Amino acid sequence: MGSIEDPVDDLLVTPPKSWATGMPAVTHALEYSLSQTSPRRTALTLLNINQAKGIDCPGCAWPEPPAGKRHLNEYCENGAKHINDEATSRRVTREFFREHSIAELDGKSDYWLNQQGRLTEPMVKRPGATHYEPIAWDEAFGTLARELKGLDSPDEALFYVSGRLNNEAAFLLQLFARAYGTNNLPDCSNMCHESSGSALGETLGIGKGSVSLDDIHHSDLVFVVGQNPGTNHPRMLTALEETKRNGGQVVAVNTLPEAGLMRFKNPQKARGVIGRGTELADQFLHIRAGGDLALFQALNRMLVEADDAAPGSVLDHAFIDAHTSGFADFAEQSRKVSWDDVLAATGLPREEIDALFDRVLGARKIIVCWAMGVTQHKHGVPTIREIVNFLLARGNIGRPGAGVCPVRGHSNVQGDRTMGVWERMPQSFLDALEREFGFTPPAHHGLDAVDGIRAMHEGRAKVFLGVAGNFVRATPDSAVTEEAMRGCRLTAHVSTKLNRSHTVCGDTALILPTLGRSDRDIQGGVEQFITVEDSMSDVHASRGKLPPASPDLLSEVAIVARLARATLGDEPALPWEEFERDYGTIRDRIARVVPGFEDFNARVSVPGGFTLPNPVNAYEFRTASGKAQFTCNDFTMPDIPAGHLLLQTLRSHDQWNTVWYAPNDRYRGIHNARRVVLVSPEDLAELGLEDRQLVDLVSVWHDGRERRAEGFRTVSYPTSRGSAAAYYPETNVLVPLDSVADISNCPTSKGVLVRLERTGAARTAAAIGSDEGSPAWGA
């Protein structure tokens with residue numbers, strides 16, 4: 001495939017797109033796929049991705065249509081890129097690690113590391129070594145097991161899980177961790193949708209969404225709040241197109257105009273190829289960062305006051321009386337919401353909110369979808385509670401075509417949590433484990449991702465095992481996180497490809513290479529399948545189609561089972577070898593432990609799988625009161641002092657999670673560069689900065705520690721006033737570890753207070769009238 005070089009930083013800015021997808025998306029998907037592997041392998045992955053007997057896309061968690069109603073090409077541009085990025089023909093061998101020191105790899109970019117290809121055999125960095133070297137699997141498991149058994153307490157170990165892990169391996173990992181003696185099971189939900197789980201668990205009794213794909217199709221009004229489906233889960237656009245064709249409306253609430261929510265050109269339809277496509281958002285509210293709480297408080301005030309004026313004509317009192325608690329206090333607080341506060345927090349004119357309210361009154365079935373633009377704020381939990389208030393007030397919970405829809409951005413992140421990967425699983429789950437497996441799991445809560453970093457940094461956690469993902473680049477406060485990881489006695493990562501977490505090593509470090517979703521998984525001569533749960537509680541099988549990238553790879557199930565056996569021996573006596581040999585035996589145990597998975601093997605063998613029951617849709621609310629809970633949420637808004645902006649980190653279009661495939665963000669008009677910061681022209685003028693100015697981003701936090709991201713170019717862009725946007729993981733360095741959402745402890749990556757400082761390079765470039773001096777990729 002030739003040598004891999006980082007793209008040259010040569011910023012080109014074009015006008016933002018007013019539509020998304022269409023044939024350009026198809027072209028870009030094929031170009032990237034064919035740059036990674038052969039036409040035959042590309043065809044094999046694309047014809048099988050998201051099919052009933054095929055490969056579940058390892059990308060986002062958006063659900064597929066029912067089996068029999070799926071398109072031959074049931075994937076999006078980013079899904080095609082991601083599956084073939086995994087299916088790449090490039091390989092990372094022992095010779096690669098002999099040629100490149102860890103220090104050298106640590107200086108490479110995320111792009112360069114990912115582009116090297118699939119890992120092929122286990123590697124170890126021994127104490128004091130400068131390079132990784134090969135290690136046999138048994139020795140690798142023995143090394144990790146000795147460290148685990150040598151700890152003073154099981155709570156000195158952390159077992160981190162990313163959302164690409166399958167249900168079977170996730171269930172085994174949490175079983176191993178708890179049999180070992182700890183609930184330290186941080187996962188990627190801690191950093192993205194933990195605020196959703198906290199708010200929904202308190203108000204509805206379950207930390208998941210309540211809607212199906214069919215509900216989206218037949219809703220009267222769908223809110224899309226703090227979310228960019230065109231980049232992060234493009235197949236949602238197809239669902240919203242169906243909403244519009246069925247007569248429903250869509251409202252977008254965002255700090256940035258997003259092309260996918262303006263107009264969608266569906267490449268699977270003639271109108272998306274040769275026509276204009278479908279205009280999606282009937283109304284776009286260009287809200288200020290962190291203003292969503294105030295917006296829904298305003299809507300709730302308007303609902304209560306409208307019902308006060310005409311009792312019984314606006315609110316669903318029959319639903320409220322039968323199924324909710326706390327309405328009177330909520331209504332009283334809503335009447336006191338200040339319009340001055342609302343307009344200041346949202347930055348919206350009153351007439352836009354009035355127009356939105358008219359849409360609300362005209363809709364019987366309403367869904368509110370949201371993502372990290374809501375959850376990753378300090379007041380993310382109160383905002384979601386206020387969204388629930390809004391839906392409860394008119395009975396839009398449990399009704400077909402209505403409900404809550406937290407849109408998760410990672411393939412099986414919801415399934416991992418269902419399988420028990422959570423540091424605070426309820427006692428009922430732990431009791432079920434004890435009945436099934438005959439040992440008593442620890443009852444005390446474990447550490448989440450943020451507290452886990454603190455524990456490593458303070459020397460309270462000494463061994464880190466990461467299963468899938470790229471922990472170092474996904475977490476906040478990059479310098480602190482790296483210091484924490486380097487202070488560990490041992491760090492180990494179960495991975496398919498090289499990433500920066502492999503270059504930030506403990507005293508001993510292990511790379512444990514695993515099968516990808518696209519790889520065939522054969523155990524004992526029998527082909528296995530794994531299962532996942534999507535964002536709408538649909539559970540289905542995934543079957544790899546390609547030969548494994550190396551004969552030395554183990555499946556995630558096998559890695560967890562062998563590590564557990566090496567660490568625990570026969571205490572407690574658990575059938576790890578049987579689990580590794582036959583994944584169906586794991587599903588039999590899941591069926592007896594996890595509610596909703598009864599007769600798991602038979603039900604998941606049906607094409608398309610099955611949907612887990614959601615008690616909310618049966619008006620069963622597992623809250624303290626036994627009813628859906630109205631809440632009272634104090635008004636709050638971000639405080640942005642003069643000379644500062646509120647930064648949100650985000651993905652570019654050509655990016656999946658922490659991995660970017662090219663230095664472009666086509667829909668936003670950014671090309672050949674990632675170190676850019678998007679700022680409104682009005683804010684640039686107010687700050688005395690120019691378009692394309694070279695600046696440093698400096699986050700402002702009360703601990704006195706400077707966090708600086710250097711060498712960014714300003715781009716004049718239609719962001720809402722007072723806000724800025726820049727790509728992660730490059731800007732994760734700016735997110736203080738202690739800047740977290742109340743209650744959920746979720747990092748506030750969408751609410752980072754920053755100032756923009758002109759750099760010396762900027763002053764030099766301005767003086768000579770050129771753009772020279774841009775930082776090189778990987779520098």
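Predicted model: local features only at pLDDT ≥ 70, side-chain atom pairs only at ≥ 80, totals over all residues.
Reader: What is the mean pLDDT of the protein here?
Author: The mean is 94, and 97% of the residues reach 70 or more.

Reader: Where does pLDDT stay under 50?
Author: Over residues 762–779. For that stretch the model has 27 contacts beyond four places in sequence.

Reader: OK, on to sheets. What's the strand order in the open sheet of six strands?
Author: The order is β6-β5-β18-β17-β16-β7, and the pairing is mixed.

Reader: Which strands stand at the edges?
Author: Those are β6 (133–134) and β7 (157–161). Each has a single partner strand, so one side of each is left without a neighbour in the sheet.

Reader: And inside that order, how many bridges join β5 to β18?
Author: Three, with β5 (residues 123–125) and β18 (residues 508–513) running antiparallel. If you want a spot to look at, find Val124, whose bridge partner in β18 is Leu510.

Reader: What about β33, which strands does it pair with?
Author: One of them is β25 (residues 645–650), joined to β33 (residues 752–758) by three bridges in an antiparallel run. There, Leu645 stands opposite Val754. Strand β30 (residues 694–699) also pairs with β33 in the antiparallel sense, over five bridges. In that pairing Asp696 stands opposite Glu757.

Reader: Switching to helices. Which residues of α17 are buried?
Author: Phe327, Phe330, Ala331 and Ser334, in a helix that spans residues 327–335. They cover an arc of only 95° around the axis, which puts them on the same side of α17.

Reader: What's on the other side of α17?
Author: Ala328 and Asp329 are there, and they are exposed.

Reader: So what covers the buried residues of α17?
Author: The cover includes α15 (292–309), α16 (317–323), β13 (324–325) and α21 (380–393).

Reader: How about α18, which residues are buried there?
Author: In α18 (residues 339–346) they are Trp339, Val342, Ala345 and Thr346. These cover an arc of only 135° around the axis, which puts them on the same side of α18. They pack against β12 (283–286), α15 and α19 (350–361).

Reader: Let's talk cores. Which residues touch the most other members in the largest nonpolar core?
Author: Phe159, Phe176 and Trp576 do, out of 69 residues in that core. Helix α8 (residues 167–180) gives the most to this core, with ten residues.

Reader: What does Phe176 touch?
Author: Leaving out residues up to four places away in sequence, Phe176 touches Leu148, Phe159, Leu563, Ala564, Thr567, Leu568 and Trp576.

Reader: And what's in the second core?
Author: That one is separate and has 52 residues, including Ala199, Leu295, Val342 and Phe390.

Reader: Quick one on Glu580: buried or exposed?
Author: Glu580 counts as buried, because its relative accessibility is 8% and the cut-off for buried is under 20%. Look for Glu580 in helix α28 (residues 576–581).

Reader: What is Glu580 in contact with?
Author: Setting aside neighbours within four places in sequence, Glu580 contacts Gln523, Val557, Ala558, Ala561, Arg562 and Arg565.

Reader: Last topic, rings. How many aromatic pairs does the structure hold?
Author: There are 24 of them. Take Phe97 and Tyr132: their ring centres are 5.5 Å apart and their planes are at 65°, so the pair is edge-to-face. Phe97 is in helix α4 (residues 94–99) and Tyr132 in the loop between β5 and β6, so to speak distant parts of the chain, 35 residues apart.

Reader: What about Phe223 and Phe390, how do their rings sit?
Author: Their centres are 5.5 Å apart and their planes at 75°, so this pair is edge-to-face. Phe223 is in strand β8 (residues 221–225) and Phe390 in helix α21, 167 residues apart. Both are buried.

Reader: Which residues do ring pairs link into a cluster?
Author: Phe96, Phe97, Trp112 and Tyr132.

Notes. Residues numbered from 1 in each chain as written. Heavy atoms only, no water. Buried < 20%, exposed > 50% of the residue type's maximum accessible area, 1.4 Å probe, protein only. Helix = DSSP H or I, 4+ residues; strand = E, 2+ residues; numbered from the N terminus. Arc of directions from axis to C-beta. Contact = heavy atoms within 4.5 Å. Pairing = 2+ DSSP bridges. Core = buried A, V, L, I, M, F, W, Y, C linked by side-chain atoms within 4.5 Å. pLDDT = per-residue confidence, 0-100. Phe/Tyr/Trp six-rings, centres within 6.5 Å; stacked < 30°, edge-to-face > 60°.
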